[in-house]
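Please keep the sequence and the model in view while reading.

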Amino acid sequence: NFGSILDERLTFGPDIAVDDGLLDCCVIAPRGVLDALRIMWRIARADFRDDPALVSRKGASFFLETFPPQRLQADGELLGLTPATIGVLPLAARMIVPGR
């Protein structure tokens, strides 16, 4: 649920926050090289206007279904195959952070 990388040079969706209690689902589905180039350019510019190859949604949970079923992974760990429901468990992790 991170919204950007490389010091916010590449942003993956609008208004993504790690602490809002919501997941941000960004589906990037180019149909060819021109779509891929356009989407890379738009991500680099944080341009998230409507586009058939780039869709972003917020929610507490998402149901993912693919045809055919695909391997599902999160943070490099295999979770199984689709279909799957992915959700947020508010306050499920305890963090230790340095004081000010």
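Two residues are in contact when they have heavy atoms within 4.5 Å. In this predicted model, residues 24 or more positions apart account for 43% of the contacts in the protein chain with a separation of 6 or more.

**Overall layout**

- The protein chain has 1 helix and 8 strands.
- Read from the N terminus, the order of these elements is β-β-β-α-β-β-β-β-β.
- The protein chain has 100 residues, and 19% of them count as buried.

- Side chains of opposite charge can pair when their charged atoms come close.
- The structure contains 8 salt bridges.
- K58 takes part in a salt bridge with D20, where the closest N and O atoms are 3.2 Å apart.
- This pair connects distant parts of the chain, as K58 is in strand β4 and D20 is in the loop between β2 (10-11) and β3 (23-28), 38 residues apart.
- K58 also forms a salt bridge with D24, and here the closest N and O atoms are 2.7 Å apart.
- Because K58 lies in strand β4 and D24 in strand β3, this second pair ties together parts that are 34 residues apart in sequence.
- K58 has a relative accessibility of 39%, so K58 counts as partly exposed.
- D20 is likewise partly exposed, because its relative accessible area is 32%.
- D24 is at 16% relative accessibility and therefore counts as buried, since the cut-off for buried is under 20%.

- Where is D47 found? D47 sits in the loop between α1 (33-44) and β4 (54-59).
- With a relative accessible area of 11%, D47 is buried.
- Apart from neighbours within four places in sequence, D47 is in contact with R42 and L54.
- D47 forms a salt bridge with R45, the closest N and O atoms being 3.9 Å apart; this pair counts because the limit for a salt bridge is within 4 Å.
- R45 has a relative accessible area of 47% and is partly exposed.
- Salt bridges with shared partners join D35, R38, R42, R45, D47, R49 and D51 into one network.

**Nonpolar surface patch**

- Which residues make the nonpolar surface patch? V33, L34, L37 and M40 make this patch, which covers about 460 Å².
- One of these residues, L34, has its place in helix α1.
- L34 counts as exposed because its relative accessible area is 70%, and the cut-off for exposed is over 50%.

Note on methods:
Residues numbered from 1 in each chain as written. Predicted model: local features only at pLDDT ≥ 70, side-chain atom pairs only at ≥ 80, totals over all residues. Heavy atoms only, no water. Helix = DSSP H or I, 4+ residues; strand = E, 2+ residues; numbered from the N terminus. Salt bridge = Lys/Arg side-chain N within 4 Å of Asp/Glu carboxyl O. Buried < 20%, exposed > 50% of the residue type's maximum accessible area, 1.4 Å probe, protein only. Patch = residues over 30% accessible without salt bridge, like charges linked within 9 Å, V, L, I, M, F, W, Y side chains within 5 Å. Areas by Shrake-Rupley, 256 points an atom, 1.4 Å probe, with all protein chains shown as cover.
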